[in-house]
Amino acid sequence: MGELQLRDVYKNYGQMEVIKGVDLDVDHGEFIVFVGPSGCGKSTLLRMIAGLEEITGGDITIDSKIVNNLPPVKRGIAMVFQSYALYPHMSVYENIAFPLRVERLSNDKVEEKVNAAAGILQLTERLKHKPGELSGGQRQRVAIGRAIVREPSVFLFDEPLSNLDAALRAEMRVELAKLHNNLDATMIYVTHDQVEAMTMADRIVVLDHGIISQVGTPLELYHKPQNLFVAGFIGNPKMNFITVTGKQADETGIVVTLPSGQDLDVKVLPRDDIAGRSFTLGIRPEDLTLKQADATIEITPSVVEHLGIHTVTYSSVEGASNTFCALLPGSAPAKVGASISMGLNGADCHLFDENGLAFDRRLAVSALDPAEMHL
Amino acid sequence: MGELQLRDVYKNYGQMEVIKGVDLDVDHGEFIVFVGPSGCGKSTLLRMIAGLEEITGGDITIDSKIVNNLPPVKRGIAMVFQSYALYPHMSVYENIAFPLRVERLSNDKVEEKVNAAAGILQLTERLKHKPGELSGGQRQRVAIGRAIVREPSVFLFDEPLSNLDAALRAEMRVELAKLHNNLDATMIYVTHDQVEAMTMADRIVVLDHGIISQVGTPLELYHKPQNLFVAGFIGNPKMNFITVTGKQADETGIVVTLPSGQDLDVKVLPRDDIAGRSFTLGIRPEDLTLKQADATIEITPSVVEHLGIHTVTYSSVEGASNTFCALLPGSAPAKVGASISMGLNGADCHLFDENGLAFDRRLAVSALDPAEMHL
Amino acid sequence: EDKVIHMINCGDNTGAGIPLQEQLISDWEAANSGYKVQVEFVPWGQCQEKSTTLASAGNPPAVAYMGSRTLKQLAANDLIIPVDMTEEEKATYAPPILGTITANGKQWGLPRAFSTKALYWNKDLFKEAGLDPEAPPKTWDEMYNAAKMIKDKTDADGFGLAAASFDNTMHQFMNYVYTNGGEVINADGEIVFNSPNNVEALDFYGKMASVSQPGPVAYDRAKLRPLFSEGKIGMFISGPWERVRVKDVNWGVAPLPHGPSGGAGTLLITDSLAVFKGSGVEDQALSLAKLLTNPENQMAFEIAEGYTPLRDMPQVAEILQEDPTWKAFLDAIPTGGPEPFVTDYVGLQDTINEAVQGVVLGEVEAAEAVEIAAEQLEEFK
Amino acid sequence: MLHKYRWYEYVLIYCGLAVFLTFVLAPFVEAFVVSLRPLSGLFSIPYRFITDDMSFEAYFSMWKNVPLLWRYMLNSFFIATVVTILGLLCIIPAAYAFARFEFPARNSLLGVFIAVNMFSGAVLIIPLFKLMQQYGLLNTYFAMIAPGTAFVIPTGIWLLRSYLVRIPKELEEAAWVDGAGKIYTLVRVIIPVALPGIVVVTITAFITAYAQQFIYALTFNSVNELNPLPVGLFQFFGRQSVVWNELMAASLVGILPVLFVYVFLQRYIVAGLTAGAVKE
Amino acid sequence: MAHTAKQKDYFPYLLLVPATLVMVSIVAYPLIETFRLSFTNTGMSQNYEYVGLANYEKIMSRRFPEVIARTFYWMGLSVALKMLIGTLGAVLLNAMVPGRALFRILVMPPWVIPIAIGVFIWGWMYNGQFGMLSGMAQRIGILDAPFEFLAYKNSAFMATIVTDVWIGVPMVTLYLLAAMQSISRDLYEAAWVDGASRFYRFRRITLPLIIPSIATMALLSAIATFNSFDIIWILTEGGPRGATTTMIIDTYKTAISRFKYGEGAARTVMIVLFLGSFTFVYFVLLSRLAKRSPNNAA
Ligand SMILES: Nc1ncnc2c1ncn2[C@@H]1O[C@H](COP(=O)(O)OP(=O)(O)OP(=O)(O)O)[C@@H](O)[C@H]1O
Ligand SMILES: Nc1ncnc2c1ncn2[C@@H]1O[C@H](COP(=O)(O)OP(=O)(O)OP(=O)(O)O)[C@@H](O)[C@H]1O
Ligand SMILES: [Mg+2]
Ligand SMILES: [Mg+2]
């Protein structure tokens, strides 16, 4: 139970293709997060899984049963809406009990289940209130409560935290993660908040214009983005991109020439026919260092932000497609207008070919899988 | 021009005291940010300066003139609202021209000034559009344009970026900082976003329930919060607080006993009569280290977030008032349930007395003033 | 500046008599320099109400066309002046006609149009029902029997009965009152509505409902003609105007059948020119009204319009010869009774209508209905 | 998906709609059918829906019988238009005051305005009649316009106020900070921004003023040239017989222009109902 | 408030001047005048005298209680039908079926045409011999003889109500439709995900959420219905035998048809009293209800 397959799933709205062939396998108990820019089709895909939108093409399978034409209730899923969709005229109790009432469960059973759910979600005190009297976080919990009582094998969430303020969002994030551990159910979660995606997901699905751009664990996406889109999308501040020229490939990587003329050996799996071609070098702001490194870039910050914990500088750099951002320690001596030498190491850099596809990075396994880390 | 004084300013709404005696001096050209939790009175204070709210007590002086009873237009201020308050039926041009139309300037003059403002804000292309056709960032610039044409000596901003998404917010932050440099005007800026406050302010005013809790540069607030409130409010993730017992004071600081029994010498200006009293020790998540340090705290993370750039752990720790958070490098080997030894150094710690007031920390000047840093 | 004489004329200005009237008016203006007559045509629906309203608002017309039934009420409220007829003038009118404008010993209007009622019957339906098509009923019983025969033997209903909440229901009922020797108010001004004659009349009215078209309460007179024209009712009572309007059926018209306690009778309705008080030109208005209604002018007007002749002038014989269907109406004049003359005409009408409807709907006995009505009428005399 | 119906649900819905719309539209069909029959054909028994003597004759002959039909239609439009304009002149400032300003007795005053709604129409006929009489206003357009205006104001205030409340205050504050006076702000900022709401109020006021002209006109006016459509047509009933086919033809022709206008404005009407009244 | 409270100015009052002027002269003054007139015997002529409570005694003694009861019965039945049909209509129009845009337009005509014209048409429809209702009923075989709807007390009573309902239903329907459309689609989707059937969703979500709108609409249309004049006046003038005489008709007849302003004024005062207390009671009940179940829409 709780397994899900999407096979070549398509969705058109009239002429417009919104989902263009999505394949995905989700195992029981996984926490999957869909991210992507606004309008990329996250909600649509989720709603297709829920049965709220018709499937134009392909198959959706839940627990080995093709559910394309089943109504939501027969799919064994439960959904938590972005707006929570609480019934404003019903008490919290009745809201949570709603799915059970639909099933015509006896009052005793209903009470038992609602109380259990309320217990888990710490809503016992609030059962008599109307949703209008609850705080944002409490409403969210009621919405989850309504999903829990049905004991579905798959939970679907559409940006459930986007209406909350930052502090509450952080708190609820942790609670959701705990809930996932307790419930032993598959969860599919839509968000456009990176931090949510990175912190909660077992695997993240990055959608771009209705196509899956990459699927992987958070750290895979962070360390090994397969293309420019994912590289730019994951990570905050954004990865810096610089146009470089290929020089040669050797055993340990590819040597490229920076706009400043320096050579840098990027630690990626080499390919043939590198010389003279134009690539994009990616370096995350946090991978820039003030220490000695393989190459340097001179920057003259036009804006410096002292955050205490970090100092962030923004500069224009030759060959960079956007403002070049560097994330330095809070104590870093950065001043507007004063040039600094930034070090970058070939091992930290990403390299993308003309099609925006990444060269495979050579990385330690432990970087990708915390389980492999040595304590 | 552009100087502002608040003297013992009060504001009541009926029975409710909202601003309870605020004193503040703002110099010409300063960028002042008001921060504080929701409902603390930031907007009220700003609106009192603008002339939108009556002053219950005290005086507000702008450029040496008491303005308590002047209407906004006579105060030489301009205001940018959270919602931008653009007139939806007027073109960008007419929106920017509005204050000039009110003044009955000739059409030529109006055109000249609007074009100048549009030039600064890169809106020249957009002058014919209606606000509804603009992006969030552009709208924001129109709102600023409307403020600029009046050539005020003080600009007031009430959470101007809160309606924008994260990426755009970061961008506009940088633009606002540039604008401040170009315009040579005083700016007072309300936000509840810490990053905005830290990055843009010359000085930050932290408000707490209608009282100024602390005024200082961003780094002063970060490194030398004067009380528990400011310490907890500034910095993200929040500072961890642990109850400790005073042991002795010496030249270099105060020695306290951690709940684990270890002693830690906190580098603060000592006071008398320390022994046996109960204090609160503050340590920022980012100041915890995996390396050797003055003392250690054992944590067993219940939640671990791998953000790539950082790894954040949450644990329960004896004596800590809340979940204990540690911000570790992205490569840190943290796993849920596996205990880690965290190092903390007395030089990084904060200490607060029973009243929540901070002991003065011994810090290098350069930590507080980037200008003093040696490049 | 000429003084204006405001005259309100009901109806529209398309009638064939209007040019005659206009000619007379300009003659009068020529004879009375300094005065200008301004004629306003107001549709029937609002005509009388408008004049009354203007008068009670203190801005009366000089002269207006009013139903004679309102004269007493207007006089009682001091809104009109008496028309001061000489004995000679009075003598030109048949007594029942004079009766419609006389209250408290004075005449209050100059009759301008008038009507009596008669019984129209459908000869084809009579024949179909086995009745003699050329022998209209002479008594109530005959009328009822004929109606019953028609109802039983043909597709049509026997009789067209009006009982809607309009003035005309009372008018219909008054025909029965007058053919049964009844009265509403006697010569001494007492309410005598609760006479046995009237009980009998009302009872009979209710009885006719059983042989009439379904739902008489939804019908006023105007709705009956289409039924008659369609051959859906065998008989109905109405005025002379139906003569030119009823089409497509083979009809005859006869005097109203007599009631058991009475004889020949009919309701005689006149409309008059009334001279309002307070217009400032009362004398001139009166002189104009008299000019328009003097025997010659009035007769010419009636011939042009096709109205019933008010006075027995030589021309009447010609009319009768030309169209014998006039006979039943003209013959009835001397037997005619007026609309009851009261100070609250609408009140009277409502009271009587209610009695009629009560009986037609079978809700009350005639005797009781008449008693209640009589009591209420006390208020209006 | 949510609104995917099974076949029997379609049948049910369409049957329901058919019954509902039949109820709503049958009178118009009847009126049309009647208008097509010659007068003699009208009173034919038994009832037949379609007859072969149908023609548009009445649509031509009615102009002779009701020569003033154009005039009545124009009067109706004129009265409703003036009522709407006067109404708006009262409604806009009042709604603005109730939506935006704190002043003593604000709520009770609003309550009084709304309560006035109850005494609309016929209740005040008598005193109004006396009043008009006193000031010689009977039989003028004014006599029909004034009461109409009074009775569109409360609803108008109510609708527009709830619209104005939702316009951000900051718009006015921004104008105030920029030195604009209150009238200037009202005219240059509030009214243009509230235009959609004003459109709704205008439409509602017009409907009310247009649909409810009967009693005032019947009572306060007896000058035929000033009569609005319903009273003009009511005159058909004052005749010796009612020319039903022409009455129906005239009615249909008379209401056609408004119907046409409303078809185009219907989305504003529905939107306006949502905007104004639902919450509260 | 928008501007600093310091400016304790008369501006808001200034804004209220036009509306207040109109209301005072067209409503308030006449109301007071009515009250005064109700103690006089004002009639057709210009002169009148004060007669104390005579007018009130007169109306009390003459079947007035019956008129009051009938008025409320007529109003209650009409409003109930409007709400019922309006709700059903709104549900039907809310269905996402092809043609719904057209249907929404088609419900409007009775609302936007002059009431009197609609009533003329109904007057014809109710005709037993030639009208559509009786005619069609005979054709279908429901009736075997023409039926005059306006000829009998009960049928005339119902006929006037049906016409009133016909005129009122479009507004109610569109209003409730608007209310239904303002319910978030999410709620329905959530219920659907939970397996609720269409009917169940209507019963547990739509209906409870539009109840406040129904209540508001019921009050508004009760007031309109109470004041409804044209319909009855044109169809029956209050007959047969007073079966459709409501307070408004009764008052109009007395004052305008019979020129008894004083007596009519007393009736008007009674109407104001009854209508006022009706509305008051309704409001009190409504706010009680609202208090018992706080319905702060989320
Ligand atoms: N009912 C619809 N009809 C037509 N187009 C639609 C419909 N629903 C969504 N779309 C389009 O499909 C695309 C994907 O929409 P979707 O809501 O799935 O985006 P999303 O990724 O959830 O975005 P967001 O982060 O803004 O919620 C968008 O371009 C949207 O405009
Ligand atoms: N018009 C008012 N009447 C009564 N109380 C008010 C009014 N305006 C604000 N307050 C109260 O004054 C306090 C301060 O409000 P203010 O808007 O200044 O807070 P804030 O710091 O701007 O909060 P936020 O970050 O949420 O905008 C709040 O408790 C608020 O409830
Ligand atoms: Mg979405
Ligand atoms: Mg604020």
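Modeller: Happy to! Between domain 1 of chain A and domain 2 of chain A, about 860 Å² is buried, buried area being the accessible area (1.4 Å probe) that two parts lose on being put together, summed over both. Carbon and sulfur atoms give 57% of that area. On the domain 1 side, Y222(A), K224(A) and L228(A) supply 61% of what is buried, more than any other three residues.

This is a predicted model, where local features need pLDDT of at least 70, side-chain atom pairs count only at pLDDT 80 or more, and totals for chains, interfaces and linings use all residues. Residues are numbered from 1 along each chain as its sequence is written, chains are lettered from A and ligands numbered from 1 in the order in which they are written, and side-chain values use heavy atoms, with hydrogens and water left out.

Where do the two domains run? Domain 1 covers 4–228 and domain 2 covers 238–363, with bounds from an automatic or database domain assignment. Their C-alpha centres lie 38 Å apart. Eight residues of domain 1 and 13 residues of domain 2 make the contact, meaning heavy atoms within 4.5 Å.

K224(A) also takes part in a salt bridge with D360(A), at 3.4 Å from N to O; the term means a side-chain nitrogen of Lys or Arg within 4 Å of a carboxyl oxygen of Asp or Glu. The count between the two domains is one salt bridge. Helix α7 (residues 218–223) gives the most to the domain 1 side, with three residues; helices here are DSSP runs (H or I, at least four residues), numbered from the N terminus.

Terms used. Helix = DSSP H or I, 4+ residues; strand = E, 2+ residues; numbered from the N terminus.
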